[in-house]
2 protein chains.
Amino acid sequence: MEFELKILGSASATPFMDRHHTAQVLTVGGTQYLIDCGEGTQRRLMEQKIRHQRIHTIFISHLHGDHFFGLFGLLGTMHLNGRTEPLRLFGPPGLDEVLTTQFRHSYTHLSFELEFTPVDTTQHLQIFEDKNLTVHTLPMRHRIPCCGYLFREKPKRRRLLAERLPDGLTPAQLSALTYGDDILDDYGQVLLRNTEVTAEPKRTRSYAFCSDTLYTEALADMVLGVDLLYHEATFLDDMRDRAAATHHSTARQAGRLARRAQVHRLLIGHFSSRYRDLQPLLAEAKTQFEWTELAVEGLTVSLAE
Amino acid sequence: MEFELKILGSASATPFMDRHHTAQVLTVGGTQYLIDCGEGTQRRLMEQKIRHQRIHTIFISHLHGDHFFGLFGLLGTMHLNGRTEPLRLFGPPGLDEVLTTQFRHSYTHLSFELEFTPVDTTQHLQIFEDKNLTVHTLPMRHRIPCCGYLFREKPKRRRLLAERLPDGLTPAQLSALTYGDDILDDYGQVLLRNTEVTAEPKRTRSYAFCSDTLYTEALADMVLGVDLLYHEATFLDDMRDRAAATHHSTARQAGRLARRAQVHRLLIGHFSSRYRDLQPLLAEAKTQFEWTELAVEGLTVSLAE
């Protein structure tokens, strides 16, 4: 089953040349989740040949424009294309009022149900669950209410080893084996030991999206050991005072957090428009954490099972 | 003095490949006026090397997203860049509520004064005047309140013919000549006849922007004889029923209106995404009015004095 992240935007507040505002698409088992939705996201989706019809859930980190101004247009295009499937939307309180005010003045009655759930950005709580994933909020420390999101695959069942399975097992028995049960006879004696015919489940993968935030060491516990961490790195560390004043992080701090949290891979993004060349940001993060990449437009990261 | 229109977007509601949502910049004597502001307009301005700092007035036709969703991001970028000059904004009632709701939830206090004036989209009235221009609303018939805008240069003063001017005239006398007055002596006798030393004023130019609308013949009187008419042409005429149902016009209707109004030149735009090739739209409009062009991205039209 795929577990793939695609980056649509790497810019911070002021857009820059060919860098776009924050938006990412996580695809897990054919289901697509949109994370933030900066201006122009619907066009980025077209460029990347991602069909917006396949997006059923959207997570917005906070209500600064570079993280959600594309939502108006994306919802509008879904509506004009006659979408009927409900769309789930998570974000800070107030997002619904911004949207409904616009809908009211444009006399728009969406062709689909928009199910908005406000999230408490100060808590680390599970807010979402479907057949593939759970999603928890990650409290960020920014100038306005803001949270990241932690996506975790659900625990998987044990894998049947076909070549070792005896004939004649019923579907119920096969299912029981995937849950780790032994097969017993009518007297409670073990007929078939689970470990002899099954293998460990495939590993569950995880992705943590840490949007705009002050460097916050407490985050390390919440994202401990994740496969993939995205952390903003708006500035180089020589501007850490500016980063602190604007409630942002530096590339060095992003790398440090990745190291503390013992993650497998780090992506950095949300680059200030002052940096034409991003290599110094990458190099700085790597001084702290070797397995760092730049989360630039079009980057696709697939995590193996 | 320049009088130049630049097209930033030609798409209708659903964006299409390399066609963008409606936005136009009119430059008159160094002053820039933005007309509509579809999603991504700030990026179009960058591409066309138009500095948003030079825009002091924005006119929005209506509150469908493809005509104003870029306003959030453009105002945000002006704010982040520390703009201090006031910005004047004209548009249908409700635009201010949409903006202020968003500002409130993003805790944004703009660095500049945004002077919003709601316009009555049902009237043909002067709403704006500066040293170069007057602007009148043009009532459109669309699904929601919508108006176009008519930009007219102010009448100009007569031109002094330097080679015919006698020596010794005072600045006040020279100024009086440009207003068409003769120069009199103390007894009221004509010393210098105006027509002997001045020429006709340069012509005043005019541009009419007719945004989304049903074909409306009454518009012809309001835009009679303008130098340049932009009229939407969402569909080909074989879809005139669909045009009527969605309150849009066809290319044939746009051409017909240009002919009726005896304008000098016609631009058509706001093309449905169903048309990959725009030449049939152009050809159809030309059956009605020869001097038609496609208002496509990057088109620049300069009107001579």
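Mentor: First, a definition: a residue is buried if 20 or more other C-beta atoms lie within 10 Å of its own, exposed if 12 or fewer, and partly exposed in between, with C-beta atoms placed from the backbone. This is a predicted model, where local features need pLDDT of at least 70 and side-chain atom pairs count only at pLDDT 80 or more, while totals for chains, interfaces and linings use all residues. Residues are numbered from 1 along each chain as its sequence is written, and chains are lettered from A and ligands numbered from 1 in the order in which they are written.

Trainee: Ok. Is Y107(B) buried or exposed?
Mentor: Y107(B) counts as exposed because it has 11 C-beta neighbours inside 10 Å. It sits in the loop between helix 4 and strand 6 (114–118) of chain B; helices (H or I, at least four residues) and strands (E, at least two) are DSSP runs, numbered from the N terminus.

Trainee: What about the phi of Y107(B)?
Mentor: Positive, about 55°, although Y107(B) is not a glycine. Most residues other than glycine have a negative phi. H270(B), also not a glycine, has a positive phi of about 65°.

Trainee: Where is H270(B)?
Mentor: In the loop between strand 16 (265–269) and helix 10 (279–286) of chain B. H270(B) is buried, because 29 other C-beta atoms lie within 10 Å.

Trainee: Switching topic. Which residue does UniProt list for "active site"?
Mentor: D66(A), from an unreviewed entry. UniProt positions are given in the numbering used here, feature names are shortened, and annotations may be inferred rather than shown by experiment. D66(A) lies in helix 2 (residues 65–68) of chain A and counts as buried, because it has 26 C-beta neighbours inside 10 Å.

Trainee: What does D66(A) touch?
Mentor: Leaving out residues up to four places away in sequence, D66(A) touches S12(A), A13(A), H21(A), T22(A) and G38(A). Contact means that the two C-beta atoms, placed from the backbone, lie within 7 Å.

Trainee: And how many residues of chain B are in contact with chain A?
Mentor: 26 residues of chain B, which meet 26 residues of chain A. On the chain B side, helix 1 (41–47), helix 3 (70–80) and helix 4 (95–105) each supply at least two residues.

Trainee: What is that side like by class?
Mentor: Nine nonpolar, 13 polar and four charged residues. Ala, Val, Leu, Ile, Met, Phe, Trp, Tyr, Cys and Pro count as nonpolar, Asp, Glu, Lys and Arg as charged, and the others, Gly among them, as polar.
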